Amino acid sequence: MVSTGTDFYSNNNNFLYSSDEENDDVEIMFDDSSDESSHIDDTSNKLQSFLPNKNKLEKLASISSFSTKNTHVLVELLKKDKINNEIAVSHRKFKNKNDYLLFPNKQNFINYQILELNNLLSKYNNELTSILCDKPDNSLEEYKDRLISLLATNSWNIFQIEKKLINLPTEKENREDNILSTTGLLNDIIIINNFDQDALDCPICCETITDFEKTSFIKITNCDDSSHIACKDCYITYLKSNISETFSINCIGGACKTKISYTSIKKFNETFFNNLIKFSLLQCFNDLNNLAINSCPEQECDNVILTNYQDDSIIDLTTTVNLESVSCLNCHKFCLSCKKESHSPITCILLKKWFNKINEGNESLNWVLNNTQPCPNCDVDIEKIDGCNHMKCGFCKYEFCWICNKNWEGHGGSFYDCMNKRDMDNKKEKNMQNQSFTRFRNYYKFFIESENNMLLDMRLFNNLTSKKLNNLSTLFGMSFVELEFLNDCLRELIQARNMIKYSFALLYFMDQSHNLFYIFTHNQMSLFSKIDEVSELLLDINMDSTLPNSKRDIKVLQMKPYLIQATSMLKRLQQNLSKCGQDLVEKKLVIYN
Amino acid sequence: MSILPKRIIKETKNLIVDPVPGMKTEIPDEDNLRYLTVQMEGPGNSPYQGGVFQLELYLPEEYPMEPPKIRFLTPVYHPNIDKLGRICLDVLKDHWSPAFQIRTVLLSIQQLLGTPNPDDPLLSDIAELCKNDNAKYCEIAKEWTLKYAAEKKKE
Amino acid sequence: MAIPRSFRLLEELEKGEKGGSQACSYGLTNGDDVTMTHWNGTILGAPNSVHANRIYSVEIICDDTYPDNPPLIKFLSKINLQCVDQATGDIIVEKFSIMKNWKRSTTIEDCLLELRKEMVTPANKALPQPKEGSTF
């Protein structure tokens with residue numbers, strides 16, 4: 001029987017929990033909350049608090065030791081192994097297309113894959129498990145290595161391995177070898193040091209070797225060609241020179257396609273083995289077509305995300321607008337298709353054009369990057385240090401708009417109005433030739449401004465979350481989970497700002513005479529004013545120095561209902577804008593290039 | 001001067017004593033035994049038939065772990081050989097194995113002359129012609145062979 | 001038994017074709033020059049100097065004795081450096097240490113990058129520079 005992808009994953013819960021436990025969904029292990037949107041920020045902290053669940057593990061272990069079948073001893077050992085703890089923090093299980101499995105680091109990801117694979121093997125093909133761990137001298141470590149090599153040679157894709165297993169010929173003869181070679185586990189390196197002859201020439205360096213004890217030869221088991229050997233020195237040099245650029249190494253013989261097993265390379269040299277694994281992972285993560293396994297593109301972020309996409313679901317990047325964005329456990333949101341920062345509503349293709357455009361015009365746009373501006377009233381240089389465009393000069397108290405430099409009065413709570421006017425004013429006065437550049441420059445300025453706003457907000461929020469959350473929890477004895485609403489809101493706000501940023505990039509390319517353009521900008525404006533509203537409010541809480549600290553904290557709590565509502569509002573407005581952007585692209589309103 | 005590995009001595013000696021049919025290998029500089037020149041006859045039943053092509057070959061420090069470096073000195077009209085004589089051949093790149101020898105490489109190159117691989121070209125214009133108008137391609141290749149690789153040219 | 005001239009130049013060409021360094025570029029003047037003698041290159045002016053954002057063209061000649069001897073390098077764009085002959089644009093080898101103390105392993109790219117460094121040496125930094133875009 002062939003199980004579908006989804007079944008395959010849901011079955012796996014049985015492995016992790018003993019069968020008498022009823023675990024319907026969502027968490028794999030240890031995770032206490034069923035709130036799907038909750039993110040784990042402090043993994044170790046959380047892990048600590050989940051420890052009571054440990055008895056599940058112990059129960060499991062005690063059952064396993066009664067297992068009568070020799071072949072399962074190793075399997076059960078694997079369950080008891082510490083890797084169970086390591087993957088415990090990965091959370092959320094596939095339910096539908098939009099679900100992801102998140103791993104806080106690559107090691108956890110690898111361990112999870114090992115467990116999954118192990119489960120697959122014992123469930124689907126008991127015979128293979130026995131082949132893998134049947135030999136009495138196989139240690140747990142070695143069994144694990146074999147599973148790792150199986151994964152590494154198959155793009156870390158369990159589906160792929162399963163497919164291969166299904167297609168195995170059924171006849172008994174050579175079945176074991178067949179399985180091993182299909183799975184890349186055959187072909188160990190063997191060292192030979194006794195020959196019939198007294199002397200033998202190494203075919204690689206051509207040195208004649210007589211003392212086989214001192215200089216042994218190396219050959220690959222199951223490679224039939226007896227000439228495919230080399231002296232140990234040559235073989236090591238050969239392995240070394242190949243290992244940095246590949247994750248599979250062939251037998252040294254000419255065009256020989258026999259692959260050397262990872263496990264024997266490990267026995268040979270552990271660094272070689274680790275390099276192979278590293279390279280294989282890298283290859284898998286860098287593959288843009290592989291939507292199933294993704295490493296967070298953020299620098300220094302080690303998170304891994306598994307999705308429900310299988311290798312046959314090919315996505316056409318040119319037309320897809322409904323981009324999948326995923327968040328890793330550190331809340332780095334990125335686009336699954338191009339593995340860049342999440343950029344809805346603009347498409348990957350247009351985004352690329354946009355960035356090309358920016359690179360072209362970089363020099364003339366330097367001025368935009370300037371962060372200070374003189375106060376329009378008193379000429380004092382003002383640096384913008386928070387995210388809102390409603391400026392108040394610290395010197396003369398004049399209130400103005402950062403974008404148009406005009407008095408804030410009449411901005412109706414948002415600077416959006418002035419943006420629109422300005423764009424149109426510019427269009428009137430410039431001639432046709434200049435128009436495209438002017439247009440670009442304007443949108444670029446909005447783009448950069450939005451980005452700056454986002455960064456400033458992030459700074460503010462780091463402040464808020466680290467200080468505030470600590471204060472609140474000590475003051476009122478509230479748990480971090482109860483205060484999660486603040487985090488949620490801040491995160492949503494950042495994401496909304498990010499969307500605003502990219503919506504300007506999209507607008508640049510669009511035909512502004514079309515009605516949809518108008519609808520899009522309208523949606524954009526709604527989102528914008530909500531952002532401004534929430535942002536300003538949060539800023540107030542942080543900045544209001546007239547209140548003593550405790551009062552400010554209470555204010556945060558008082559605003560809880562508002563903030564929760566605002567969060568879902570922001571979410572909805574983002575969805576609207578994203579959908580509208582999709583319409584824009586689908587209607588082919590791209591006119592500027 | 002570094003000591004020449006036994007492998008290189010053996011291979012070069014072999015090439016001179018027992019040459020590959022249709023090829024003549026020479027060591028032009030006794031001070032640099034890693035540098036060889038080869039005269040290769042164009043394979044039969046190909047537009048290169050009758051031509052004698054000059055190649056130069058260098059065995060880098062890492063040989064045989066790294067492939068030999070080799071290029072045509074005679075201009076060749078071929079989709080996998082560029083204007084500087086550089087050759088696009090898998091065994092000279094990622095399909096290299098230390099078990100291959102200079103002999104293997106030379107035979108592969110001769111074979112490449114006879115059976116161009118326009119699907120993995122170095123020069124796309126020649127490849128297009130080779131695929132779409134093979135007669136025309138053969139004609140030009142023959143012309144070049146006559147012009148640059150005629151036997152009498154190397155005296 | 002060092003690498004012969006032709007394969008050495010092929011190596012350098014390959015690196016240049018792949019993009020090599022960000023601060024300079026180089027390639028054969030004529031793509032089918034089998035002898036690989038005539039090269040041209042560009043050097044991006046050193047940042048934080050008057051040369052910033054300028055692009056200088058140079059001509060490089062690798063004769064038969066390269067890489068045992070340094071190549072001949074000549075500026076096409078006008079530039080005022082101590083090691084550049086102000087009448088012709090030729091590099092004065094005696095005043096350019098990397099070429100004066102030539103090593104076989106030194107490459108064309110090394111020379112171009114070194115010229116870029118020359119632009120910001122104290123002795124050269126004070127020199128007045130010709131108008132951008134003028135040629136020798």
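Me: Which loop of chain C holds Met36(C)?
Reply: Quick ground rules: this is a predicted model, where local features need pLDDT of at least 70, side-chain atom pairs count only at pLDDT 80 or more, and totals for chains, interfaces and linings use all residues. Residues are numbered from 1 along each chain as its sequence is written, while chains are lettered from A and ligands numbered from 1 in the order in which they are written. Helices (H or I, at least four residues) and strands (E, at least two) are DSSP runs, numbered from the N terminus. Met36(C) sits in the loop between strand 1 (24-28) and strand 2 (38-44).

Me: Is Met36(C) buried, exposed or partly exposed?
Reply: A residue counts as buried with 20 or more other C-beta atoms within 10 Å of its own, exposed with 12 or fewer, and partly exposed in between, with C-beta atoms placed from the backbone. Met36(C) has 19 of them within 10 Å, so Met36(C) is partly exposed.

Me: What is the phi of Trp156(A)?
Reply: Most residues other than glycine have a negative phi. Trp156(A), in the loop between helix 8 (140-152) and helix 9 (158-166) of chain A, is buried, with 26 other C-beta atoms within 10 Å. Trp156(A) isn't a glycine, yet its phi is positive, at about 55°.

Me: Which residue does a cis peptide bond join to Tyr66(C)?
Reply: Most peptide bonds are trans. Here omega is about 0°.

Me: How far apart are the end C-alpha atoms of helix 1 of chain C?
Reply: The expected span of a helix is 1.5 Å times one less than its number of residues. Helix 1 (residues 5-18) has 14 residues, so it should span 20 Å, and the model agrees: the ends are apart by 20 Å.

Me: What arc do the buried residues of helix 1 of chain C cover?
Reply: The buried ones are Arg8(C), Leu9(C), Glu12(C), Leu13(C) and Gly16(C). They lie on the same side of helix 1, because their arc (taken from the directions from the helix axis to the C-beta atoms) is only 135°.

Me: Which elements do those buried residues of helix 1 of chain C pack against?
Reply: Contact means that two C-beta atoms, placed from the backbone, lie within 7 Å. The face turned away from the buried side carries the exposed Glu14(C), Glu17(C) and Lys18(C). The buried residues pack against strand 1 and helix 3 (108-118) of chain C.
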